Amino acid sequence: MTYETQPKASHYVNGAYLEDKKGEVIKVIYPATGEVIAKVHAATPPVIDAALEAATKAQKVWAAMTGRERGRILTDAARLMRERNRELSELETYDTGKPLQETLVADATSGADALEYFGGIAGSLTGEHIQLGEDWVYTIREPLGVCVGIGAWNYPTQIACWKSAPALACGNAMVFKPSETTPLCALKVAEMLTEAGAPPGLFNVLQGMGEVGSRLVTDPRVAKVSLTGSVPTGRKVYAAAAVEMKHVTMELGGKSPLIVFDDADLDNAVSGAINGNFYSSGQVCSNGTRVFVQRGIKGAFLARLAERLKDAVIGDPMDEATNFGPMVSARQMEIVEGYIEKGVAEGARLVAGGKRLDRDGFFLAPTVFADVKDEMTIAREEIFGPVMAVLDFKNEAEVITRANDTAFGLSAGVFTRDISRAHRVIGQLKAGSCFINSYNDAPVEAPFGGVKASGVGRENSKAAIEHYSQLKSVYVRMGDVEAAF
Ligand code: NAD
């Protein structure tokens, strides 16, 4: 390997790299080969303390600047990120195994979009004036303080930026803990923010497992926690944050429905199902993994899907022709294999894939089950891998009820040419991020997040501002104060 994947040090604290070899070793494994490409150490309590102290100090300096000054630094960081897109995308591919064809357009670019968008609105974040006769109220939009971001492993650059960009725009500082599976990319985000002029300590990166996350969540210096992860972790983190009434954003898992009516444009519907199940080898929280296909086109849908699967180019993720890469880790691959076995055992019909590929790395073929029933495990639990479950349905009312029969509520999609039906159905689906004749678009301008067990709060868009600021309300009396005595 010619590319230098080993970072200068494990952590980024107070504007510089920081090492502490006393922390447990975390091996970074390249998913396409299984090779160890870097080693970092988990943060020890003194390192965690240093990061929180640095963030506390930096936040005061940062909040005293104008929004426009803060915004300029964020947009400068976005520019650096775009200039370095190729090297950042290569690092993202080493960290996650996702094909370079994807990372070149979906990771640092998406991170830069967030920094640019929130940098752009930082100067226009205001409170309001409320006239009450001759008296009046004004509100001040204040930052929360030090925010903690905790990431999953599927989009390490994007998650670091989706959390830090709105947090910093509002005048907060951040301590970010990437997933222990993908520790490398967030360090680059920290480097670029420093280079763009962020004060030391504004954005810190600490490595570690759940234990480091847990210490951060419970530290009294922390005002807010934003987690991207699974529902079980979300429950723990939300409960821990509640003890001191901390603000939270929870971006958790899903088992989202993608509904294809028989009047849909077949090719577009198949494209939507491919995007919503096989992009990033299916390791996307909002994936439409329950594909409900109306009976009239079930055969045609499965036939077209089978043809399109022949175009999957599976192989070296660094080859830009590859459009389907490995799973992130051996463990994740084993979890997904377990679900495939359950699918077969519970009577679903395996129509594509279902097997590991005979090569190094953690490659699992794109897998499709047909004739899936609502009660089967593969239709109920989040698999987080390249496994599509195709279920059939008769009519609109039935599919809405079945689509909503889940504890999750992250996303939902509908393919139909009937515009009234499209809006009527989407209106009744219990999900936060929805799509009509498309699937999995996530522009920074649109709110992103789930309902029910899939989460609390929204990332991206103006909505994120509400989750990284609070309002102080000030009543101003212009006349005398009346009192009872
Ligand atoms: P995970 O829940 O295992 O871990 C997420 C993060 O939480 C990791 O950094 C982990 O170290 C940390 N963590 C674990 N226990 C903790 C604790 N007790 N306190 C504090 N932090 C703790 O999730 P994962 O396997 O890394 O990621 C996959 C999951 O993430 C899937 O369920 C997926 O749907 C979800 N996800 C959601 C979104 C979204 O935006 N909704 C995006 C990507 C992934």
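Here is a chat about the overall build, cores, salt bridges and surface of a predicted model.

User: What kind of model is this, and how are residues numbered?

Analyst: It's a predicted model, where local features need pLDDT of at least 70, side-chain atom pairs count only at pLDDT 80 or more, and totals for chains, interfaces and linings use all residues. Residues are numbered from 1 along each chain as its sequence is written, and side-chain values use heavy atoms, with hydrogens and water left out.

User: How much of the chain is buried?

Analyst: Of the 485 residues, 57% count as buried. Buried means under 20% relative accessible area, exposed means over 50%, and partly exposed is in between, using a 1.4 Å probe and protein chains only.

User: Which residues touch the most others in the largest nonpolar core?

Analyst: That core has 82 residues, and the ones touching the most other members are Met-81, Leu-115, Phe-118, Val-175, Leu-193, Phe-203 and Leu-206. A nonpolar core here is a set of buried Ala, Val, Leu, Ile, Met, Phe, Trp, Tyr and Cys residues joined through side-chain atoms within 4.5 Å. Apart from it lies another core of 30 residues, including Phe-261 and Leu-391.

User: What does Leu-115 touch?

Analyst: Leaving out residues up to four places away in sequence, Leu-115 touches Leu-74, Thr-75, Ala-77, Ala-78, Met-81, Cys-161, Ala-165 and Leu-193. Contact means heavy atoms within 4.5 Å.

User: Switching topic: how many salt bridges are there?

Analyst: The count comes to 30, with a salt bridge being a side-chain nitrogen of Lys or Arg within 4 Å of a carboxyl oxygen of Asp or Glu. Glu-92 and Lys-98 make one of them, at 3.2 Å from N to O.

User: Is that pair buried or exposed?

Analyst: Glu-92 is buried, at 0% relative accessibility. Lys-98 is buried as well, at 3%.

User: Which parts does the Arg-421 and Asp-263 pair tie together?

Analyst: Arg-421 and Asp-263 form a salt bridge with their closest N and O atoms 3.2 Å apart. Arg-421 lies in helix 15 (residues 419-428) and Asp-263 in the loop between strand 12 (257-260) and helix 10 (266-278), so the pair ties together parts 158 residues apart in sequence. Arg-421 counts as buried, at 14% relative accessibility, while Asp-263 is partly exposed, at 23%.

User: Which residues are linked in a network of salt bridges?

Analyst: Arg-295, Lys-298, Arg-349, Asp-371 and Asp-392.

User: Last one: which residues form a nonpolar patch on the surface?

Analyst: Ile-130, Leu-132 and Tyr-475 do, with about 270 Å² of accessible area together. Patches take residues with over 30% relative accessible area and no salt bridge, joining like charges within 9 Å and nonpolar side chains (Val, Leu, Ile, Met, Phe, Trp, Tyr) within 5 Å. Accessible areas come from the Shrake-Rupley method with a 1.4 Å probe; for residues, only the protein chains shown count as cover. Tyr-475 sits in strand 20 (residues 469-476) and is partly exposed, at 46%.

Definitions and conventions. Helices (H or I, at least four residues) and strands (E, at least two) are DSSP runs, numbered from the N terminus.
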